[in-house]
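Please look through the sequence and the structure shown here before reading on. The paragraphs after them take a few places in turn.

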Amino acid sequence: MRNRLIVLLGILLVVIATSLLWYTGKIEKYNSRAFGMAFYYSDKYFLEEKVVSDTEKIIILTEDTEENRLVREGVSPGREGPTAITLRVIKLSNSSTTPLEWARSNVESNFNLSIGEYHEGKVGQKDSVYYMTDGLYVADNIVVVAKGRAIHISVTYLTPEDKIRKDLARIIGSIYFYE
């Protein structure tokens, strides 16, 4: 029994270390008790927070490149924005709302643009729903309901092989929701 526990702990440490060191770069931590979550991301991304209202906050991660910096600062010639990982945190008026109910009933979820089927699952031990949408960019979308908030997580990309999708998977693997 003791040997099994030691092996299990060793495997767990390897998995955690591998997931945290997915780049040769530095890993950053986003932590907000006010919005009830924490996650890790690569320092190759620029994190920007925007407070939309008393009940909504947006966290945007874009690859930290010169071109993307110019777009963020509004000095780039007119063009579409870069692909990004976005987390929208919205305070719910009804805390018993499920992720699927929220996605279906809120135009901001882009659920009406979904392609294919949706899938229900877990993220950070909370119920979630996953679906893809197609617009200017194709996007993977995940909605989680935690601590009276809907968290709409999306990643936009150009091709299914884009690295940004793997980066989102790593963020999702590290996400923690405070109780």
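This is a predicted model: local features need pLDDT of at least 70, side-chain atom pairs count only at pLDDT 80 or more; totals for chains, interfaces and linings use all residues.

Residues are numbered from 1 along each chain as its sequence is written, and side-chain values use heavy atoms, with hydrogens and water left out.

Begin with the sheet. Strands of a sheet pair through backbone hydrogen bonds, either parallel or antiparallel. Here three strands form an open sheet in the order β1-β2-β10, with antiparallel pairing. Its edge strands are β1 (27–32) and β10 (176–177), each of which pairs on one side only. Helices (H or I, at least four residues) and strands (E, at least two) are DSSP runs, numbered from the N terminus; two strands pair if DSSP finds at least two bridges between them. Between β1 and β2 (residues 37–42) there are six bridges, and K29 stands opposite Y40 in β2. Helix α4 (residues 163–174) packs on this sheet and touches β2 and β10. Contact means heavy atoms within 4.5 Å.

Next, consider I59, which is in strand β4 (residues 56–63). Is I59 buried or exposed? I59 counts as buried because its relative accessible area is 0%; buried means under 20%, exposed over 50%, and partly exposed in between (1.4 Å probe, protein chains only). Leaving aside neighbours within four places in sequence, I59 is in contact with several residues, including Y30, F39 and T86. The C-alpha atoms of I59 and T86 are separated by 5.7 Å, although the two residues are 27 apart along the chain.

T86 is also among the contacts of S154, again leaving aside neighbours within four places in sequence. S154 belongs to strand β9 (residues 149–157), and it is buried because its relative accessibility is 11%.

Last come the aromatic rings. Rings of Phe, Tyr and Trp (its six-membered ring) pair if their centres lie within 6.5 Å; planes under 30 degrees apart count as stacked, over 60 as edge-to-face and the rest as tilted. The whole structure has five aromatic pairs. F111 and Y118 make a tilted pair, 6.2 Å centre to centre with 55° between the planes. Y176 and Y178 are edge-to-face, at 5.1 Å and 85°. Y178 is buried, since its relative accessible area is 10%, whereas Y176 is partly exposed at 45%. Y30, F39 and Y41 form one aromatic cluster.

Definitions and conventions: Axes are lines fitted to C-alpha atoms, for helices over the stretch in contact, and angles run from 0 to 180 degrees between N-to-C directions.
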